[in-house]
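Me: Please bring up the model, and I will ask about its helices, its ligand and its backbone.

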Amino acid sequence: SSFISFTFTLELFVLGLPLPNQGQAKDLPIATNGQPFPWDRMRLPKTISPLHYDLTIHPNLTTLDFTGVARIELDVHEDTSIIILHAKQMQISNVLLLAPEGIRPLHVLEYPHFHQLALLSDSVLTKGRKYEVQLEFAANLSDSYHGFYKSSYRTSSGEVRVMASTQFEATFARAAFPCFDEPAFKANFTIRIIREPRHIAISNMPKVKTVELPGGLLEDHFDTTIKMSTYLVAYIVSDFLSVSKTTQHGISVYAVPEKINQTAYALDAAVKLLDFYDNYYDIPYQLPKHDLAAIPDFQAGAMENWGLSTYRETGLLFDPDRSSASDKLGITKVIAHELAHQWFGNLVTMEWWNDLWLKEGFAKFMEYISLDISYPELHVDDFFLGKCFDAMEVDSLSSSHPVSTPVENPMQIQEMFDDVSYDKGACILNMLRDFLTPEAFEIGIIQYLKRYSYQNTVSSHLWESLTNICSSDDLDEGRLKHREFCAKRNLPSGLDVRAIMDTWTLQEGFPLVTVEVRGREVRLSQERYLKTDDPSLTEGFLWQIPLTYMTSTSNTIQRFLLKTKTDILYLPEEVDWVKFNVDMSGYYMVHYAGEGWNSIIRLLQHNHTALSGNDRANLIHNVFQLVSIGKVRLDTALELSLYLSRETEIMAVTQGFGELVPLYKLMEKRDMAALENQMKGYIVDLFRGLIDRQEWTDSGSVSERVLRSYLLLFACVRNYAPCVTKATQLFNKWKDSDGTLSLPVDITMAVFVIGARTPEGWDFLFEKYRHSMQMSVKSRMKTAMTVTSLQDNRASYGEVMKTQDLPGVVVSVSKNPHGYKLAWDFLRANWHTLIKKFDLGSSTISHMVTQVTNQYSTREMLDEVRSFFGSLTEETGSEMRCIQQTYETIEDNIRWMDTNLPLLQAWLNKRSHKVAHEDL
Ligand code: BES
Ligand code: ZN
C-alpha cells in the first residue's frame with residue numbers, strides 16, 4: 001500500500017492540486033480503505049464547483065431508510081483529476097463520470113472524519129469543459145433532528161404515523177445526499193421524490209408533475225430552483241393537510257390533519273409579512289410559492305428553507321380561543337424571521353459561517369422592524385431591548401467572541417447560532433439604523449441586496465453598501481421616495497461606517513461609558529464591561545460609540561460619536577440630570593459617576609415618567625450590572641429599585657424582576673432560608689399594588705396581557721395569598737368541569753401551577769396534557785408540572801413527552817428549588833445520549849448546560865461542575881464554549897455573594913425596620 005500512496009501523491013503533485021503539506025505522503029489523512037486521502041483540509045478545494053444537482057430521493061417510511069441518486073453538473077476552474085465533496089454516514093455506490101468523451105466509473109475514497117469523499121478520475125478534468133458526476137447512495141432516516149430525519153406523531157385515536165423531513169443547516173445536507181456542502185457553492189437543484197400514494201411530498205419548488213412507477217409508487221417532479229446554497233434545500237414526505245391563500249404570492253401552511261384548523265393565523269401572517277418584505281426590500285419574493293410546515297419533531301424554533309420554511313408546532317399553530325398574547329407575538333415573530341431570510345440569507349448569503357450574524361442578526365432585527373409596521377397592535381417595540389440585555393449577558397464574559405469569528409468544524413459552526421450572532425447582531429444593527437436614520441439605513445440595505453443577489457458576502461460588503469448611500473449609481477434605478485430623501489438631505493458623506501462597525505463586529509464585548517457631570521462639563525470615558533477579577537483583561541479595547549443623551553432641560557435627543565478613550569462634552573446650561581443611551585438604542589452600558597446615580601434615583605422617585613419605559617428598564621439593568629463589577633454599591637441599586645412600586649410598564653417591570661429574582665434564586669440553592677424569604681417578601685411588596693390591580697381576564701393590549709400572566713404567575717409561585725386563593729378556586733372549577741370550562745388564557749399558567757401542587761391536580765393536568773391537541777395549552781401544562789414541589793418525580797413523564805421538549809423541561813426543573821439537583825444529575829447521567837441526539841455545540845445543548853448551572857454560587861458546586869466537564873474529551877464536548885461560560889458565571893455568582901450578602905442583609909433589615917415604624 002505504500003506504493004499506491006506514493007503514486008497518488010505524485011500524481012497530485014504533478015496535477016498541481018494545492019497540497020498544503022507539499023505532497024508528503026505520510027501526512028495525508030488515511031481513507032477508510034487504507035489509501036491516502038488526497039485532501040487534508042476541512043474546507044473544500046475551489047478547483048471545482050457544482051452548477052446543478054439532479055436529485056432523486058426515495059424514502060421508505062416503513063423500513064425507515066432512503067436511497068437516492070445525485071447527478072451533479074460541475075464547473076471545473078482548474079485542471080484536476082480529483083473531485084472532493086461531502087457525504088456523511090451513507091453508503092455510496094456506482095459513481096460515474098459523465099464526460100464529453102463518454103461515461104467512466106470513478107474511484108471513491110472516503111474520509112469520514114471530515115465528512116468527505118474523493119472521486120478519483122484516471123483522466124484529467126479540464127478547465128472550462130462540462131462534466132457531470134453521478135452517485136447512488138443509501139442511508140437510514142436519521143433518529144436525530146437533522147439531515148433527512150424521521151418524525152412521528154400520534155392521532156387522537158392513538159395511531160402512530162411516521163413522516164420524514166429535512167433540516168440541513170448548517171452542515172447536514174451532506175447526510176442526505178452527496179454535495180458540496182458549503183454556503184458559497186450555490187447551484188440549481190432539480191428534485192424528484194418517490195413516495196407511496198397515501199403520502200404527499202413537498203419541496204422548495206412547486207410540483208410540476210407526478211409520474212406513476214411500476215409497483216404503484218409515485219414520483220413527484222419539482223421545478224428547478226434558482227441558484228442557492230445546499231443548507232436551504234428541503235423536502236418533506238408526510239400525510240399533512242394544507243390551507244392556502246393566493247394574493248401576490250401563493251402561500252400554504254401544512255400541518256398534521258388534526259391540527260390543520262390551527263393554521264389560519266399563520267397563513268394570514270405569512271401573506272401579510274411576505275408582502276411587507278416585497279415592499280421594504282424593493283425586490284419581489286423570488287419563488288413562485290412559499291409553504292410553511294409545522295413539523296411534529298423539530299429541534300430549533302424554525303428554519304428558513306427557500307420556499308418551504310419549517311417550524312416547531314408551537315411556533316406556527318395558533319388557536320384563537322386557547323393561545324395567549326405572547327403565543328401570538330411569538331408566532332408572528334418566527335414567521336417574520338424566516339421570511340426575512342428569504343432575502344437576507346437566501347438571496348444574499350454569507351460567504352462562510354464566520355459571518356453567520358449577517359443573516360441571523362439581520363433576521364432577528366427584521367422581526368422588530370416588520371412587526372412594528374405590519375402589526376402595530378403587537379407593540380413589539382416594547383420588547384426589543386430585552387434582546388440587548390440577553391446579548392450583554394454572554395458578551396460580558398471573557399469567553400465571549402466577536403460577532404465575526406473564524407470557525408471551521410461543524411461544532412464551532414453550530415456554536416455560532418448564539419446570542420452574539422442573533423441578539424448582539426440585531427442590537428448593533430439597531431444602533432446603526434438609529435445613527436444613520438431609518439431612511440438611509442433602508443436605502444443601504446436595498447442596495448446591498450440588489451448588488452449581491454445570488455451571491456455571497458462578508459461583513460464589509462454590508463458596511464460599504466451603507467456608506468455614501470446617496471452618491472451611488474444604484475440609486476438611479478431605486479425608488480422615488482429614496483431619491484427624494486437624498487435630494488432633501490445633506491448626509492455626512494465622509495462617514496466611515498465600516499470603521500465604526502468594525503469596532504463592534506471584530507472586537508468581542510461592549511463598552512461601559514462612564515459619565516461625570518461637573519457644572520456644564522460632561523466627562524466621558526470608555527472601557528470594556530467585563531465580569532472578571534482580572535482587570536488586565538479589559539485593556540486594549542476601543543469602540544466608536546454613537547452616544548445619545550437627553551437632560552432635565554431638554555428632551556430632544558443629542559448625539560455624539562465617542563471615538564476616543566476619554567472626551568468632554570459641554571452642555572448649554574447646568575442640569576439636574578442626564579440620561580445617556582436614550583431608549584437604549586445603543587449597545588453599551590452607562591455608569592453615572594459622582595452624584596449621577598443619586599440624581600437619577602431622585603428623578604425616578606419623584607417623576608419617573610419624565611423618562612420612557614425603555615429608559616427606566618435600561619437604568620435598572622445598568623445599575624444592577626454595575627454592582628456586579630463593583631462600580632456601584634448594592635445599596636444604591638436597591639434604593640433605585642424602590643421606585644418600582646409605582647412602575648406599570650412591561651419592560652421596566654420585567655427588568656426589575658430580572659435583576660431582583662436571581663438574587664433569591666441564588667439563595668434557594670444554598671441553606672439560607674431567612675434572608676431568602678426576606679428578599680422574596682421585598683419583591684412581593686414592591687409589586688403588590690400592581691398585582692392587586694390585575695384583572696383575571698384577557699383584556700388589554702399585548703403588553704398588558706403578557707405582563708398580567710407574568711405577574712399572576714409570580715404572585716402564585718410566591719404564595720401571595722389573594723392569588724393562591726383565586727387560582728385554587730379556578731383550578732377546582734376547571735377540574736370539576738373535566739377541563740371543559742374555558743379559563744381566561746392569560747391566567748392559566750398561574751392556575752395550572754397552583755393546581756399542580758397537589759398529587760390529584762398534577763395527575764389531572766398530566767391526563768389533559770397527554771390528550772391535548774392544542775400546542776400552546778400543552779406547553780403551559782408541561783411547564784406547570786415542572787414547577788411543582790411534589791417530591792416523587794412523577795412517573796412515566798418521559799413516555800408521553802416528545803424528546804424535542806426534554807431540554808426545556810430539564811431547564812425548567814433546574815429552576816425549581818426542589819429539582820435543581822435532579823436536573824444536574826440528569827444532565828450528567830445522560831450526557832452521551834443528549835449530545836448524540838441534539839448534536840455537540842447546538843444551542844439546545846449549550847442552553848441546557850448554562851441554564852442548569854447558572855444559579856450555582858458555591859465553591860463546592862463549582863468544583864462539581866468542573867469535575868464533570870473536566871472529564872469530557874474533545875469528542876464528547878470538552879471544547880464547547882458553554883463550559884467556559886458556565887465556569888465564569890458560577891465564579892461571578894460566588895464573587896457577588898461574597899461581596900454583597902452582608903449588604904443585602906443590612907439593607908433589608910433597615911427597610912423592614914422602617915416599614916414597621918411607618919405602620920405604627
Ligand atoms: N436559521 C435558523 C435555524 C437554525 C438554527 C439552523 C440553528 C441551524 C442551527 C432560523 O432562521 C432561526 O434563526 N430560527 C430561530 C427562531 C427565530 C425566531 C429566532 C430558532 O430556531 O431558534
Ligand atoms: Zn434565522
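Me: At what angle do the axes of helix α2 and α4 cross?
Reply: This is a predicted model: local features need pLDDT of at least 70, side-chain atom pairs count only at pLDDT 80 or more, and totals for chains, interfaces and linings use all residues. Residues are numbered from 1 along each chain as its sequence is written, chains are lettered from A and ligands numbered from 1 in the order written, and side-chain values use heavy atoms, without hydrogens and water. Helix α2 spans residues 264-281, and its axis comes within 9 Å of that of α4 (axes are lines fitted to C-alpha atoms, for helices over the stretch in contact; angles run from 0 to 180 degrees between N-to-C directions). The axes of α2 and α4 cross at roughly 45°.

Me: Which term describes how α2 and α4 lie to each other?
Reply: Angles under 35 degrees count as roughly parallel, over 145 as roughly antiparallel, 65 to 115 as roughly perpendicular and the rest as oblique. The α2 and α4 axes cross at roughly 45°. The pair is therefore oblique.

Me: How do α22 and α23 pack: roughly parallel or roughly antiparallel?
Reply: Helix α22 covers residues 759-771 and helix α23 residues 775-787. Their axes are 10 Å apart, at an angle of about 150°. That makes α22 and α23 roughly antiparallel.

Me: Which elements give two or more residues to the shell around ligand 1?
Reply: An oxygen atom of ligand 1 is 2.6 Å from a polar backbone atom of Gly 301. Elements are DSSP runs, numbered from the N terminus: helices are H or I with at least four residues, strands E with at least two. Those giving two or more residues to the shell are β19 (302-303), α4 (325-341) and α5 (357-374).

Me: How many charged residues are in the shell around ligand 1?
Reply: The ligand is surrounded by 17 residues (a heavy atom within 4 Å), Glu 169 and Glu 304 being among the closest. Asp, Glu, Lys and Arg count as charged. The shell has 6 nonpolar and 4 polar residues, and the charged ones number 7.

Me: Which strand holds Asn 94?
Reply: Phi of Asn 94 is near 45°, a positive value in a residue other than glycine. Asn 94 sits within residues 91-99, strand β4.

Notes: A polar contact is a pair of N or O atoms within 3.5 Å; within protein, one must be able to donate a hydrogen and the other to accept it, and residues adjacent in sequence count only if both atoms are side-chain atoms.
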